Amino acid sequence: QVQLVESGGGLVQAGGSLRLSCAASGSIFSINYMAWYRQAPGKQRELVAGITRGGFINYADSVKGRFTISRDNAKNTAYLQMNSLKPEDTAVYYCAADVVYMRDSRPARYWGQGTQVTVSS
């Protein structure tokens with residue numbers, strides 16, 4: 001089993017910053033891809049940013065230039081630095097990881113429980 005634990009959410013004023021962390025633990029051989037998703041009330045979950053083990057990164061257009069995703073492969077941890085936050089960034093943020101539990105096994109997608117980010121105007 002694999003557990004993903006997110007931290008770093010909270011309440012911040014517009015223009016402020018937050019840094020989210022996602023630590024993976026358990027039966028892990030490697031993690032191919034780590035990503036942050038978010039879901040606002042009444043909306044579908046959407047991809048915010050993702051990063052491969054080799055460092056290839058993709059962002060949603062709405063966060064480009066404001067958010068930065070990174071990861072520490074040795075710690076099986078991903079981060080999301082969020083700057084210039086806007087009220088429309090308010091959502092529950094979820095960490096996702098595609099985990100390989102042993103050599104040559106297929107990756108399996110795991111999700112964290114989510115952390116609330118609220119941006120006040």
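Modeller: A charge sits over a ring if NZ of Lys or CZ of Arg is within 6 Å of the ring centre and within 35 degrees of the ring normal. In this structure, R45 lies over the face of W111, at 4.8 Å from the ring centre. The charged end of R45 also sits over the ring of Y94, 3.8 Å from the centre of that ring.

Biologist: What should I know about the model before I read further?

Modeller: It is a predicted model, in which local features need pLDDT of at least 70 and side-chain atom pairs count only at pLDDT 80 or more, while totals for chains, interfaces and linings use all residues. Residues are numbered from 1 along each chain as its sequence is written, and side-chain values use heavy atoms, with hydrogens and water left out.

Biologist: How many disulfides does the structure hold?

Modeller: A disulfide is a covalent bond between the sulfur atoms of two cysteines. The structure holds 1. C22 is joined to C95, with 2.0 Å from S to S.

Biologist: Is the disulfide of C22 and C95 left-handed or right-handed?

Modeller: The torsion about its S-S bond is about -75°, so the disulfide is left-handed.

Biologist: How many of the 10 residues of β9 are buried?

Modeller: The number is 9 of the 10, so β9 is largely enclosed by the rest of the structure.

Biologist: How many bridges join β4 to β9?

Modeller: Two strands pair if DSSP finds at least two bridges between them. Here β4 and β9 run antiparallel and are joined by 9 bridges. Strand β9 is also joined to strand β11 (residues 115-120) by 3 bridges, again antiparallel. In β11, V117 is the bridge partner of A91.

Biologist: Which residue in β9 stands opposite R38?

Modeller: That residue is Y93. R38 itself lies in strand β4 (residues 30-39). In a regular strand the side chains alternate between the two faces of the sheet. R38 is buried, at 7% relative accessible area.

Biologist: With which side chain does R38 make a polar contact at 2.7 Å?

Modeller: A polar contact is a pair of N or O atoms within 3.5 Å; within protein, one must be able to donate a hydrogen and the other to accept it, and residues adjacent in sequence count only if both atoms are side-chain atoms. At 2.7 Å, the partner of the R38 side chain is the side chain of E46. The R38 side chain also makes a polar contact with the side chain of Y93, at 2.9 Å. For plain contact, the rule is heavy atoms within 4.5 Å. Leaving aside neighbours within four places in sequence, R38 has contacts that include V48, F67, D89 and V92.

Biologist: What is the value of phi of N76?

Modeller: Most residues other than glycine have a negative phi, and most peptide bonds are trans. Phi of N76 is near 50°, a positive value in a residue other than glycine. S84 likewise has a positive phi near 50°.

Biologist: Where is N76 placed?

Modeller: N76 is in the loop between β7 (67-72) and β8 (77-82). N76 is buried, at 19% relative accessible area. Its contacts, apart from neighbours within four places in sequence, are C22, A23, A24, I28, I31 and M34. K75 also lies in the loop between β7 and β8, but K75 counts as exposed at 57% relative accessibility. The C-alpha atoms of K75 and A24 are separated by 8.0 Å, though these residues are 51 residues apart along the chain.

Biologist: Where does S84 lie?

Modeller: S84 lies in the loop between β8 and β9. With a relative accessible area of 41%, S84 is partly exposed.

How values were computed: Helices (H or I, at least four residues) and strands (E, at least two) are DSSP runs, numbered from the N terminus. Buried means under 20% relative accessible area, exposed over 50%, partly exposed in between (1.4 Å probe, protein chains only). A disulfide is a pair of cysteine sulfur atoms within 2.5 Å.
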